[in-house]
Amino acid sequence: MDNKTIRFIVGIIGNVISLYLYLSPTPTFVKIVKFKSVKAFKPDPYLATLLSCVMWIFYGLPVVHPHSLLIVTVNSAGVLINVTFCSIFFRYSAWPLRKKMIIVFILEAIFIAGMVAVALTLEHTHPARSMLVGILCVIMNIVMYASPLTVVKTVIKTKSVKYMPIFLSIGNLLNGSIWIVYAALDFDPYIMVPNVLGAISGMIQVGLYVKYNKTTNWDEEEEPPNEVEMPPSASNA
């Protein structure tokens, strides 16, 4: 089996894991629809994930980084899922939050348009375009992977992992690991860097779960922390 085939198979596995992670917030939105209210939940994670997915789709297009079909497929699924989540959030939000979401949507559209224009007009080779768009995608993913630090801080402070689902943490670890392998098979630093950070983030979360699982009061009724963990970015494909 040649390197190209192995990389394709690894990428397919990565797509499946990434799809699972994209769908992981579904229970939250089932609650939102059920109670017809977003309560204390925030739209920021889903707006950020949507932007990240669109950026990675552009990175994977033939005009930027040829032979990257699996990047486009996984992030297209991410766009569809997060557009759905954002639509539900918008539907059950009060006007002030809706206004904020509209502003963010407009800013994201302007940013994407600017990135596309600069990449296609000022850069005329695939390596140059890949570097420009890749660096922007890496920066975006670093910000997204840093966001769960607020949840990690809460876990350490309360010695409770009640609101840090272990399957999501394991998913983070597996997702980062599989895309590291994918990037290594045909070295791509722009895919490698954010996924190394993602795997480390997942490893830290799993470690905290092991450490604080026994000190967690699973029967105690308490409000979840206001900080909502950023949906894992499967957009590093």
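Predicted model: local features only at pLDDT ≥ 70, side-chain atom pairs only at ≥ 80, totals over all residues.
Local features need pLDDT of at least 70 and side-chain atom pairs count only at pLDDT 80 or more, while totals for chains, interfaces and linings use all residues. Residues are numbered from 1 along each chain as its sequence is written, and side-chain values use heavy atoms, with hydrogens and water left out.

Helix 1 covers residues 3-23; helices here are DSSP runs of H or I with at least four residues, numbered from the N terminus. The expected span of a helix is 1.5 Å times one less than its number of residues. For the 21 residues of helix 1 this gives 30 Å, which agrees with the 30 Å between its end C-alpha atoms.

One part of helix 1 is buried (under 20% relative accessible area, with exposed meaning over 50% and partly exposed in between; 1.4 Å probe, protein chains only). Its buried residues are Arg7, Val10, Gly11, Gly14, Asn15, Ile17, Ser18, Leu21 and Tyr22. They pack against helix 3 (44-60), helix 4 (69-91) and helix 8 (166-185), where contact means heavy atoms within 4.5 Å.

Valine 16, also in helix 1, is exposed, with a relative accessible area of 54%.

A nonpolar core is a set of buried Ala, Val, Leu, Ile, Met, Phe, Trp, Tyr and Cys residues joined through side-chain atoms within 4.5 Å. The largest has 28 residues, and Met55, Tyr59 and Val133 have the most contacts inside it. Helix 3 gives the most to this core, with six residues. A second, separate core has 19 residues, including Ile57 and Phe89. Leaving aside residues up to four places away in sequence, methionine 55 touches Phe111, Ile112, Met115, Val133, Leu136, Cys137 and Met140.

The whole structure holds one salt bridge, defined as a side-chain nitrogen of Lys or Arg within 4 Å of a carboxyl oxygen of Asp or Glu. It pairs lysine 100 with aspartate 44, the closest N and O atoms being 3.4 Å apart. Lysine 100 lies in helix 5 and aspartate 44 in helix 3, so the pair ties together parts that are 56 residues apart in sequence. Lysine 100 is partly exposed at 36% relative accessibility, and aspartate 44 is partly exposed at 34%.

How values were computed
Helix = DSSP H or I, 4+ residues; strand = E, 2+ residues; numbered from the N terminus.
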